[in-house]
Amino acid sequence: MFTSRLLVYLLLAVLVLAGCTTEYPVSCPQSTPIGLIDADEIASDDSLPFRFPLDESKVDYNLFFGWFGVSNECTPDIQDCFKFPDVKYHAAEDYRRPAGTPVYALADGQISFSGTAGGYGWLIIIDHPQANLYSLYGHLSPSRWKLPFGAKVEKGDLIAYLGDPDENGGSAESPLEPHLHFGIRAGQMQGYPSRGEWRYMAGWIRLCPQDLGWLQPSLVITGQAIPAGGYPQPEVGFLTRWGLELLIIGIYTIGGVGMLFFAAKRKLHILLLLPGILVIAAGVVFHYQGILGTCALLIIGIFMFASGTVLFIHQAYQKPNNPVI
């Protein structure tokens, strides 16, 4: 008993330490915005691997909510500026457009995420294995037509439309001006966790975007060059990237196994059947939303429900038959 408890405590300690390895930079180099005056010409050239995901517009030359690598700190020219409690850096480029503006695929690939994502409104992520990249499109419209998870796309295919101020991550009380949050990252979506600074759907982060594999989208598009073997992912330790994800999964796993043993020992099958169904449902939903790390929920739920079913059947056969008088 002592040994098993000690192993559990050591596992939790390792997971907690793994989730606390982030070192924040003193400063982060900012990238210079690159004008896309040839966006339409680039989009019409089938020989090029990438295209700008929007039709050309003069507003592309103006800095909007954030450009790649800029921080959320107040600049001296802004008089009335909200003081952010933490310094963060923008891992994408934002482009202002009216609601309903069509959004196109950066390159050939397959949609690895298509669903609601909090402040993103509707979010679409496309894996581009030929370049070892994935592209991210945020603040899309959940009420308009959009491509689903798993759909294959070619460069320039219509994937969705920009959302209205009350559905694109904003609300009726706090509307968000329609714009596209456009990010590009080295690697594939499945190579990154769903939580922490290394999460696959980051917008504002405490670490330098360049250090986490985020690339300046306009520079990728204007460069039109794919390195041999594709864009390389950052070379970091497994725990550095996946530490927080492992911590959350470990808590789920230990909690589920603990409930499993407790309910089996007390023969309380109801503590396994109902939670098992709920955990399975959550696991299925998260799986089809493309959240890789939460597959642990589905496995735990299946074990809980199966154990509860076996315990229920066992108890049913153990009940004594009433004697006939």
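User: Which backbone oxygen does the side chain of N168 reach at 3.0 Å?
Analyst: In this predicted model, N168 sits in the loop between β8 and β9. A polar atom of its side chain lies 3.3 Å from the backbone nitrogen of G170. The side chain also reaches a backbone oxygen at 3.0 Å, that of L176.

User: Is N168 buried or exposed, and what is its relative accessible area?
Analyst: Leaving out residues up to four places away in sequence, N168 touches G119, Y120, G121, H139, L140, G163, L176, E177 and P178. Buried means under 20% relative accessible area. N168 is therefore buried, as its relative accessible area is 0%.

User: Why is strand β9 largely enclosed by the rest of the structure?
Analyst: H179, H181, G183 and R185 point one way from β9, while L180, F182, I184 and A186 point the other way. Residues on both sides are buried. Strand β9 spans residues 179-186 and is largely enclosed because the number of its residues that are buried is 8 of the 8.

User: How many bridges join strand β6 to β9, and which residue of β9 does S135 stand opposite?
Analyst: Strand β6 covers residues 133-140 and runs antiparallel to β9. The two strands are joined by 6 bridges. Within β9, the residue opposite S135 is I184.

User: In β9, which residue is the bridge partner of E93?
Analyst: Strand β2, residues 93-96, runs antiparallel to β9 and is joined to it by 4 bridges. E93 has its bridge partner in β9, and that partner is F182.

User: Which residue of β11 is the bridge partner of R185?
Analyst: Strand β11 consists of residues 214-215 and pairs with β9 in the antiparallel sense. The pairing extends over 2 bridges. The partner of R185 in β11 is W214.

User: Which residues touch the most other members of the largest nonpolar core?
Analyst: This core has 53 residues. Elements that each supply at least two of its residues include β4 (109-116), β5 (122-128), β6, β9 and β11, along with the helices α2 (39-44) and α3 (217-223). The residues touching the most other members are I124, Y137, L140, I159 and W214.

User: What is the geometry of the aromatic pair formed by F52 and Y95?
Analyst: The count of aromatic pairs comes to 6. In the pair of F52 and Y95, the centres are 4.9 Å apart and the planes stand at 80°. F52 is in the loop between α2 and β1 and Y95 is in strand β2, 43 residues apart, and both are buried. The geometry of the pair is edge-to-face.

User: Which residues do ring pairs link into a cluster?
Analyst: Y192 and W198 form a stacked pair, 6.5 Å centre to centre with 10° between the planes. Y192 and W198 are both buried. Ring pairs link a cluster made up of Y134, Y192, W198 and W214.

User: Over residues 289-293, how many contacts does the stretch have beyond near neighbours in sequence?
Analyst: The protein averages a pLDDT of 78, and 64% of the residues score at least 70. Over residues 18-22 the pLDDT is below 50, and that stretch has 9 contacts beyond near neighbours in sequence. Residues 289-293 also have a pLDDT below 50. For residues 289-293, the contacts beyond near neighbours in the model number 16.

Notes. Residues numbered from 1 in each chain as written. Heavy atoms only, no water. Buried < 20%, exposed > 50% of the residue type's maximum accessible area, 1.4 Å probe, protein only. Pairing = 2+ DSSP bridges. Core = buried A, V, L, I, M, F, W, Y, C linked by side-chain atoms within 4.5 Å. pLDDT = per-residue confidence, 0-100. Contact = heavy atoms within 4.5 Å. Polar contact = N/O pair within 3.5 Å; in protein donor to acceptor, adjacent residues only side chain to side chain. Phe/Tyr/Trp six-rings, centres within 6.5 Å; stacked < 30°, edge-to-face > 60°.
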